[in-house]
Amino acid sequence: MKLLRQIDQNAERWLLLTFYVMLVITMAIEVIRRELFAYSSIWGEEIVRYSFIYLAWIGAAAAVKERAHIRIDVLMHYVGPRVKALIYIFGDLVMLIVAVIALYWSYETVHVSAKFGSVSHGLRISMVWFLMAVPAGFALIVWRLLQSLWRDFHSLRDGTPVFEGDKLFD
């Protein structure tokens with residue numbers, strides 16, 4: 001149970017760190033190869049590109065978890081905790097509907113790629129591994145939205161302040 005809690009709390013952080021390190025190391029190797037040896041590889045560019053795509057989608061899920069997406073919250077300063085919870089619940093429900101639809105259609109793209117056996121140009125690896133970034137990201141977003149809704153329903157029921165994430169500016 002403790003391991004699952006750690007994964008739930010830190011999954012996006014670990015994944016972001018992994019893909020970021022992979023991106024930076026590969027990019028550094030490619031720059032050195034290009035500048036010192038006048039040679040570069042196509043696989044290095046592919047690793048950097050697909051690492052960045054995974055970073056974007058995992059980062060989107062992390063932002064949902066921390067309520068860090070850009071939003072206009074002028075009205076939130078003038079309403080009570082119950083109304084604030086209702087507004088967040090409404091926003092999360094709309095996002096959940098969009099995310100579930102996007103998850104379905106993004107998985108469909110992966111399915112088509114697997115069916116026809118497409119491979120990447122440089123690495124010659126199945127494109128399924130790279131295309132899975134989008135459905136994996138949306139699956140994480142759906143999971144984090146369900147957690148957020150659960151948390152907000154409890155805040156609404158108890159009348160406690162709703163979780164708004166960390167504030168950068170006041």
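Start with the nonpolar surface patch: select Met1, Leu3, Leu4, Ile7 and Trp14, which together make about 600 Å². Patch members have over 30% relative accessible area and no salt bridge; nonpolar side chains (Val, Leu, Ile, Met, Phe, Trp, Tyr) are joined within 5 Å, like charges within 9 Å. A salt bridge is a side-chain nitrogen of Lys or Arg within 4 Å of a carboxyl oxygen of Asp or Glu. Areas come from the Shrake-Rupley method with a 1.4 Å probe; for residues, only the protein chains shown count as cover.

This is a predicted model: local features need pLDDT of at least 70, side-chain atom pairs count only at pLDDT 80 or more, and totals for chains, interfaces and linings use all residues. Residues are numbered from 1 along each chain as its sequence is written, and side-chain values use heavy atoms, without hydrogens and water.

Zoom in on Leu3. It sits in helix 1 (residues 2-37). Helices are DSSP runs (H or I, at least four residues), numbered from the N terminus. Leu3 has a relative accessible area of 60%, so it is exposed. The cut-offs: buried is under 20%, exposed over 50%, partly exposed in between (1.4 Å probe, protein chains only).

Next, select helix 3, residues 81-116. Its 36 residues reach 52 Å from first C-alpha to last, close to the 52 Å expected at 1.5 Å a residue. That expected span is 1.5 Å times one less than the number of residues. Color its buried residues, among them Tyr88, Leu96 and Val110. The buried residues pack against helix 4 (128-131) and helix 5. Glycine 117 follows helix 3, with a positive phi near 65°.

Finish at Ser155 in helix 5 (residues 133-158). Its relative accessibility is 7%, so Ser155 counts as buried. Beyond neighbours within four places in sequence, Ser155 contacts Thr160, Pro161 and Val162; contact means heavy atoms within 4.5 Å.

How values were computed
Helix = DSSP H or I, 4+ residues; strand = E, 2+ residues; numbered from the N terminus.
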